[in-house]
Amino acid sequence: MNLPVYIETPARLHLGFLDLEGGLGRHFGSIGLTLGGIATRILVRRADSIKVIGKAPERARAYAEKFVARKGLTGGCEIEIIEQISEHSGLGSGTQLALATGTALTQLYGLQCDSSAIATLLNRGVRSGIGVGAFQQGGFLVDAGRTTRSSIPPVVSRLCFPSDWRILLVFDRSHQGVHGADENASFSTLPFFSAHTAAYLCRLVVMRILPAISEADIDAFSQGIYELQKYLGEYFTSTQGGRYTSAAVSEVMAHLEALHIRGVGQSSWGPTGFAFINSETQAHALLRELRAKFSDNRNLRFRVVTGRNTGAVIERQNAVSLAQASGY
């Protein structure tokens, strides 16, 4: 019996690159966190051709067509998009949809193709391995960048994120982060990145951020994230118009800093901003305050989420139980 494939794959924060100088032979390197509560969920059935049902189907269709062509498959699939991470928001929507689509086709056609190979085939994970790591295992991740021989930057550290910490997310629905050809062009015009800065950022990760997660020390963790984001925000100012892509998100971040909340920043190219909070109680109190203070801006949205210490959910079930399990 050819059962459909259900996949739920999580969003992630990309918290910054570590070495844009590359003098030691590895370029980029990055850290990130897998998020709970925000995910792409798809239901995929085998079919004679490729069909996509749901919101914004073009991307999923393009990934499916490319995978089918590269693998020489004679059939197709029907992809039902149940839920999708917002596109170009800095939460890794493209990589997660690509991995979910490729994984579903791998399952349906009995192929031997892991998530790293799928990412390479669909041209994802070119600069960062955080999205692939989030799909594979979740948690707080560090990748070691890529060499001229690398396909996907390898994840070299993975820690469980403290379950009682929360992440306050700030969305601006009127903006999208830099992506596609514009992203490639932006990287080609970035200013000089010194080896001294790369060394300092790597030291922040190894000697402050990772130990703080291991010891559940949110003050040290937040200070480390703040310093890393400050360096990178200033470095990318020339391509995104400031430390933050969105002026509205920037205003919220400035307010949070005035409240002495240190672990703030922007995920990837934004516009999504974040703040790390010590507890659910504190996070929701802050959520209420921000909603009241910024109520005049209808494009701003706020949400409290957890870290996620597991990767994608991949299931083969009958269609009835699958629909019930996914809430569809």
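With which side chain does the side chain of Ser 30 make a polar contact at 2.4 Å? The partner is the side chain of Asp 143; a polar contact is a pair of N or O atoms within 3.5 Å, where within protein one atom must be able to donate a hydrogen and the other to accept it, and residues adjacent in sequence count only if both atoms are side-chain atoms. The structure is a predicted model, in which local features need pLDDT of at least 70 and side-chain atom pairs count only at pLDDT 80 or more, while totals for chains, interfaces and linings use all residues. Residues are numbered from 1 along each chain as its sequence is written, and side-chain values use heavy atoms, with hydrogens and water left out.

The chain contains 11 helices and 11 strands, taken as DSSP runs numbered from the N terminus (helices H or I, at least four residues; strands E, at least two). Its radius of gyration is 20 Å, close to the 20 Å given by the globule rule for 328 residues, so the chain is as compact as a globular protein of that length. The radius is taken over C-alpha atoms, and the rule is 2.2 Å times the number of residues to the power 0.38. The C-alpha trace spans about 60 × 45 × 35 Å along its principal axes. Of the 328 residues, 53% count as buried (buried means under 20% relative accessible area, exposed over 50%, partly exposed in between; 1.4 Å probe, protein chains only). Among contacts (heavy atoms within 4.5 Å) between residues at least 6 apart in sequence, 75% join residues at least 24 apart.

Ser 30 lies in strand 2 and, at 0% relative accessibility, counts as buried. A further polar contact links the side chain of Ser 30 to that of His 14, at 3.4 Å. Leaving aside residues up to four places away in sequence, Ser 30 touches residues including Gly 16, Phe 17, Ser 128, Leu 141 and Asp 143.

Strand 2 (residues 28-47) also holds Phe 28, which has a positive phi of about 80 degrees although it is not a glycine. Phe 28 counts as buried at 10% relative accessibility. A positive phi of about 50 degrees is likewise found at Ala 56, again not a glycine. Ala 56 sits in the loop between strand 3 (50-53) and helix 1 (58-71) and counts as partly exposed, at 27% relative accessibility. Most residues other than glycine have a negative phi, and most peptide bonds are trans. A cis peptide bond joins Gly 270 and Pro 271, with omega at about 5 degrees; Pro 271 is placed in the loop between strand 8 and strand 9.

Strand 7 (residues 166-172) is joined to strand 10 by 6 bridges, and Leu 168 stands opposite Val 304 in strand 10.

Notes. Two strands pair if DSSP finds at least two bridges between them.
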